[in-house]
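Here is a short tour for anyone meeting this structure for the first time. Have a look at it, and then we can walk through some of its parts.

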Amino acid sequence: MDSSLVLQNLLTPPVLFFFLGVVAVLVGSDLEIPAPLPKLFSLYLLLAIGFKGGLELQHSGISGPVVPTIAAAIAMSLAVPLYSFVVLRVKLDSFNAAAVAATYGSISAVTFITAESFLDTQNIHHDGFMVAALALMESPAIIIGLLLVKLAAGQKRPDEGPMRWGAVLHEAFLNGSVYLLVGSLVIGFLTAANSPHSLEKMLPFTDKLFYGALSFFLLDMGIVAAQRLRDLRRAGTFLIGFSVLMPLFNAMLGIAIARALGLSPGDALLFMVLCASASYIAVPAAMRMTVPEANPSYYISTALGLTFPFNIIVGIPLYMALVNRFIPTAG
Amino acid sequence: MKRVDLIVSERELDAVLKAIDQAGSPGYTVMKHVTGKGPHGSVSEAMDFSGLGANAHVVVFCEPPVVDKLREGLAPLLNYYGGVAYVSDAQPL
């Protein structure tokens, strides 16, 4: 791997702020960010990335690799939980295996946004339709996770209590993050098509503030990820190994699919990141509702305490090096 | 007069309050952002951005017949999602 890529990634403000948050916990600093602020910044990031994706989607149009890429992204979000579940069942019960598998089938929007920022610093073009892939990869894994529980643990679960399919589908497709992301994508698309003069008024909010907001949010993520490190010990070596090796395996599948689809290097990196990342926003909340038997410290700690830092520190430059090697540049 | 104390995840709060209403309770008090430690480790507001917030403390003052209905309505929720609920005697001032 090109070491300059690692350094260029490590020395960007978002990643440095992430480290600052991690170090704050490790050295016992009393740095604390009030709970509503990270939520506000996470909503802002989803709104901004959705809006920008909608604009770019309108400009690029829905043709060429758009539909096959989105279809491949959805297929991956269905397939990853299935084979992850088979691996996880070696050590975990059905409930925990299904919850962790769903977590790895879904995606991390912040990892995706960090990868986009990395591409921008490298001046590598990427397309807006990848945001549509991001939005559509959030939900299928939740459904697969629940189906796995139903099939694998059905008999052990006589009282499903208040869990109903309607509520599950509602949670999967209308949870706040998916709703805001898809809604902002549609608004961006419609604005670019019908009201281009409004774009200039939105850009100071969705564009100029974006990098700073990402850095601030990653400062909080550093704190939360470091707090989760203690729980990782409870998760055990099997899950720790899974949370690094499974993203790498998924990224390898991702680059093979990206190459087959003829994606550009920027889009190929984003596709790999989507395949390799794990959800800690939409899926944990859905799993809490649908599979309360599963231990949240397994699926949150692995996704947030290890896979997320791994992807933003090592994964993104590693995947970029692979893209540079295996994905041909246009022209 | 009885006092019922419930500690539940904020995420299930709506369902819990609905069950309390359906039991015929005259009212309730809700304290959100409750942190502490549970069977799965510490409960904090750190994951609030994901919709997995802290806990809520719900206090209900009611007559004994309502307690029976509360037990009936809340037991499935507590069995499914977890949480604690205790009943004690209460003396009006």
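How many residues does helix 11 of chain A have, and how far does it reach from its first C-alpha to its last? Helix 11 (residues 196-208) has 13 residues and reaches 18 Å, close to the 18 Å expected at 1.5 Å a residue (the expected span is 1.5 Å times one less than the number of residues). Helices here are DSSP runs of H or I with at least four residues, strands are runs of E with at least two, and both are numbered from the N terminus.

Before going on, a word on where this comes from. This is a predicted model, in which local features need pLDDT of at least 70 and side-chain atom pairs count only at pLDDT 80 or more, while totals for chains, interfaces and linings use all residues. Residues are numbered from 1 along each chain as its sequence is written, and chains are lettered from A and ligands numbered from 1 in the order in which they are written.

Back to helix 11 of chain A: a kink of about 55° sits at Met202(A), shortly before the proline Pro204(A). The bend is the angle between axes fitted to the seven residues ending at a residue and the seven starting there.

Zooming out, chain A has 15 helices and 0 strands. Its radius of gyration, taken over C-alpha atoms, is 19 Å, close to the 20 Å that the globule rule (2.2 Å times the number of residues to the power 0.38) gives for 331 residues, so chain A is as compact as a globular protein of that length. Buried residues make up 53% of chain A.

Now for Pro284(A), in helix 14 (residues 282-290) of chain A. With 24 C-beta neighbours inside 10 Å, Pro284(A) counts as buried. Its contacts (C-beta atoms within 7 Å), leaving aside neighbours within four places in sequence, include Tyr299(A), Ser50(B) and Leu52(B).

That brings in chain B, where 18 residues are in contact with 22 residues of chain A. Helix 2 (residues 64-81) gives the most to that side of chain B, with 5 residues. By class, the side looks like this:

| Class on the chain B side | Count |
|---|---|
| Nonpolar | 9 residues |
| Polar | 6 residues |

Ala, Val, Leu, Ile, Met, Phe, Trp, Tyr, Cys and Pro count as nonpolar, Asp, Glu, Lys and Arg as charged, and the others, Gly among them, as polar.

Technical notes
Two residues are in contact if their C-beta atoms, placed from the backbone, lie within 7 Å. A residue is buried if 20 or more other C-beta atoms lie within 10 Å of its own, exposed if 12 or fewer, and partly exposed in between; C-beta atoms are placed from the backbone.
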